[in-house]
Amino acid sequence: MISLSKILDRPISRSGQKFDTSLLWMTVLMTVFSLVMIYSASIAYAAAEGGTQFSFVGKQALFVAVGVSVCIGLSFISMNTWKKLMPWYFGFSGLLLLLVLFLGREINGATRWIHAGPVNIQPTELFKLAVVLYLSSLFTRKAEVLQSVKKIMFPGGLIAAGLVLIMFQPDFGSFVVIVGVTMAMVFLAGFPAKYFIMMGMILASFMTAAIMLAPYRMARVSAFLNPWADPLGKGYQLTHSLMAIARGEWFGQGLGASLEKRFYLPEAHTDFIFAVIGEEFGFLGMCILVACYVWLVVRAFSIGRQARDLDLTFGAYVANGIGVWIGIQSFFNIGVNIGILPTKGLPLPLMSYGGSAVVVMLVCITLLLRVDYENRKKMRGYQVE
């Protein structure tokens, strides 16, 4: 059996490829599969909304097309240029977080979207990438901030300000993801263990208080602990998600044969698309999809380690941060669907319906491909600007 350390230590290919084609094809396959599943999961909901059966998948295909067009242009931007542009991008995403509180569109009790013509922009998705780029630049330019809590307090305050704005929306799921990505990147950067533990305890205390002081969050925790106590109320989504997965058994009911998406599971094409995949493709289908996410995370860390060994420090941090982000968010979404985590509104990366989420995630994959391209370029003896 090949160990994880051997995969991460795998040398860069000298076959003449300029970038990681396996990562590109994995992204293409997962994106195409997501369009198939969004179509399958949204037919009933689209009809209830008065649209055609292609309403949601058509919009998602447009989002993907826009994302691919943007990524083709961004693929020519060097990581050094990304580092220089980072302050502008971070400031822009922070400004959108502020504006959404005043100009945002409320959906299901949360103000997380800015209505811009035919699309809704979700600033939180842009801020997640901004945090990865900001911390990567910070650790590259000012490694001394990792020496003590006092030195990291001011830089960390900028991220904290964004997190406060996110809590006003409110979007506790994204808050937890950003905190998790931040803590993981700080840990990987070598922050002293005693300070890291202290920060972790403070953040854990804050998140616990945020849950206990919000009745609807406590209700979600109660529904998570015993969803069958209120199957028609707070436990409705989770119980029907579990029934969908149970109905899928080992090999599923077949593409398009899900009953839960038609009659019971609300908006199955967004947060609970994994449950529909489980019902239609069974336990085997779920395992294959989980394996795809594991492969993406491992590949991101592999690219990050290669960049670090080649002294491309900024690219290394970016790759590791994206790997952590994909891993945490996919774990949370799948955990909610299978009932091991309380319900929270987080999309499944590259799979759930949503324009901002898919465009930003495609940009993340483009960054991984760019880091890998610069790794290969330096391995061949060329100078990386």
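Me: What percentage of the 385 residues of the protein count as buried?

Reply: In this predicted model, 49% of the 385 residues count as buried. A residue is placed in that class when its relative accessible area is under 20%.

Me: Why is Phe191 called buried?

Reply: The relative accessibility of Phe191 is 5%, and the cut-off for a buried residue is under 20%. Phe191 therefore counts as buried. Its place is in the loop between α7 (172-188) and α8 (193-212). Phe191 and Ser174 are 17 residues apart in sequence, and their C-alpha atoms are 23 Å apart in space.

Me: What makes Ile77 partly exposed?

Reply: Ile77 has a relative accessible area of 21%. Buried would require a value under 20%, and exposed a value over 50%. Since 21% lies in between, Ile77 is partly exposed. The residue sits in the loop between α3 (55-74) and α4 (79-103).

Me: Which residues does Ile77 touch, not counting those up to four places away in sequence?

Reply: Ile77 touches Trp82 and Arg370. For such a contact, heavy atoms must lie within 4.5 Å.

Me: Why is Glu267 called partly exposed?

Reply: Glu267 has a relative accessible area of 27%. This value falls between the limits of 20% and 50%, so Glu267 is partly exposed. Its loop runs between α11 (260-263) and α12 (273-309). Leaving aside neighbours within four places in sequence, Glu267 is in contact with Tyr45 and Asn108.

Me: What kind of peptide bond joins Gln169 and Pro170?

Reply: The bond between Gln169 and Pro170 is cis, with omega about -10 degrees. Most peptide bonds are trans. Pro170 lies in the loop between α6 (149-167) and α7.

Me: Why does Asp311 count as exposed, and why is Leu350 buried?

Reply: Asp311 has a relative accessibility of 62%, which is over 50%, so it counts as exposed. Leu350 has a relative accessible area of 5%, which is under 20%, and is therefore buried. Asp311 is found in the loop between α12 and α13 (313-338), whereas Leu350 is in the loop between α13 and α14 (355-379).

Me: How do you know that the radius of gyration of the protein agrees with that of a compact globule?

Reply: With 385 residues, a compact globule would have a radius of gyration near 21 Å. The protein has 21 Å, so the two agree. Its C-alpha trace spans about 60 × 50 × 50 Å along the principal axes.

Me: Which domains does the assignment give, and how many of their residues are in contact?

Reply: The assignment gives domain 1 (18-75 + 232-375) and domain 2 (85-212). Between them, 25 residues of domain 1 are in contact with 27 residues of domain 2. The C-alpha centres of the two domains lie 22 Å apart.

Notes:
Residues are numbered from 1 along each chain as its sequence is written. This is a predicted model: local features need pLDDT of at least 70, side-chain atom pairs count only at pLDDT 80 or more; totals for chains, interfaces and linings use all residues. Side-chain values use heavy atoms; hydrogens and water are left out. The radius of gyration is taken over C-alpha atoms; the globule rule is 2.2 Å times the number of residues to the power 0.38. Buried means under 20% relative accessible area, exposed over 50%, partly exposed in between (1.4 Å probe, protein chains only). Domain bounds come from an automatic or database domain assignment. Helices (H or I, at least four residues) and strands (E, at least two) are DSSP runs, numbered from the N terminus.
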